[in-house]
Amino acid sequence: MTKVAPSILTADFSEIGKTICDVIDWGADWIHCDVMDGVFVPNMTFGPKMVKDMKQAMVKGAKKQVPFDVHLMITQPERYVEDYVKAGADYLTVHQEATVHLQRTLRLIKSYGIKAGVVLNPSTSLSTLDYILDDVDSIMLMTVNPGFGGQKFIPAMVQKIKDLRKIVDASGKDILIEIDGGVNMNNAKELAEAGVDVMVAGSAVVGAEDPVKVIDYLHSLSR
Ligand code: DX5
Ligand code: ZN
């Protein structure tokens with residue numbers, strides 16, 4: 001079963017607590033939070049306070065508790081690891097391109113007892129992962145250029161997912177493969193079969209006419 005991590009990026013932030021509970025009701029496995037600093041990506045969203053408040057909204061109001069998957073699109077993410085741990089991140093994912101000492105940053109995240117993720121932009125080579133497989137719980141591939149919801153999936157990423165699947169399988173390690181950007185009902189089957197464990201889906205879920213149907217469909221897919 002493919003896990004679904006709806007991104008709340010395109011939601012109305014003035015009623016985000018309710019949206020979090022709704023998305024969990026619809027069947028979300030994780031909640032994907034997109035943190036943007038306006039420097040690493042040409043857009044801004046929110047910081048640790050918002051993540052903390054969203055987590056509280058889940059604890060208080062949702063029917064079940066799911067992991068918070070925090071995607072940091074910020075430069076030098078190592079500066080804020082502790083803040084996001086305190087805010088309640090369960091998976092904290094940093095961009096390979098945004099931190100000079102990637103292995104140190106991943107070790108720092110894991111030192112707090114939460115899961116560490118690394119994410120690669122579409123143009124970043126998988127070879128950058130060669131020496132950090134011991135240090136990650138999840139690897140996310142951006143399948144659009146980060147910064148905005150609702151963009152078109154980049155077709156060349158299908159091969160990248162397949163290549164990453166081979167690397168993870170050959171390593172024998174328990175590492176989740178996650179993709180982020182442009183996932184929809186039309187391309188999800190091919191992406192699942194390419195080897196994805198967790199699909200982030202923003203506009204395809206939040207704002208869909210029938211979000212339960214979309215999540216059920218993504219759940220029905222497998223590698
Ligand atoms: C883009 C974000 C994504 C985005 C996905 O920078 O990291 O998580 O919200 O949105 P969709 O699914 O609409 O491409
Ligand atoms: Zn994201």
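Which space is the largest pocket? I looked that up first. The space taken by ligand 1 is the largest pocket.

**Ground rules.** I am reading a predicted model, where local features need pLDDT of at least 70, side-chain atom pairs count only at pLDDT 80 or more, and totals for chains, interfaces and linings use all residues. Residues are numbered from 1 along each chain as its sequence is written, chains are lettered from A and ligands numbered from 1 in the order in which they are written, and side-chain values use heavy atoms, with hydrogens and water left out.

**Pocket.** I noted how a pocket is found: on a 1 Å grid over the protein atoms alone, it is an open set of points where a 1.4 Å probe fits, with protein on both sides within 12 Å along at least five of seven lines. A molecule sits in one if more than half of its atoms lie within 2 Å of its grid points. The largest pocket holds about 350 Å³ of space. I found 28 lining residues (an atom within 4 Å of a point). Closest to the centre are Gly149, Gly150, Gln151, Gly181 and Gly182.

**Shell.** Next I checked ligand 1. It is surrounded by 20 residues (a heavy atom within 4 Å). The closest are Gly147, Gly150, Asp180, Gly202 and Ser203. By class I read 8 nonpolar, 10 polar and 2 charged residues, with Gly counted as polar.

**Strands.** I looked for strands (DSSP runs of E, at least two residues). β2 (31–36), β3 (68–73) and β8 (198–201) each give at least two residues to the shell. β2 gives the most, with 3 residues.

**Polar contacts.** I then listed N or O pairs within 3.5 Å. An oxygen atom of ligand 1 is 2.7 Å from a side-chain N or O atom of Asp180. For Ser7, also through the side chain, I read 2.9 Å. Gly150 uses a backbone N or O atom, 2.8 Å from a ligand 1 oxygen. The protein covers 99% of the 380 Å² of accessible area (Shrake-Rupley, 1.4 Å probe) that ligand 1 has on its own.

Terms used
Polar contact = N/O pair within 3.5 Å; in protein donor to acceptor, adjacent residues only side chain to side chain. Helix = DSSP H or I, 4+ residues; strand = E, 2+ residues; numbered from the N terminus. Points joined across faces, edges and corners; volume = space filled by probe spheres on them.
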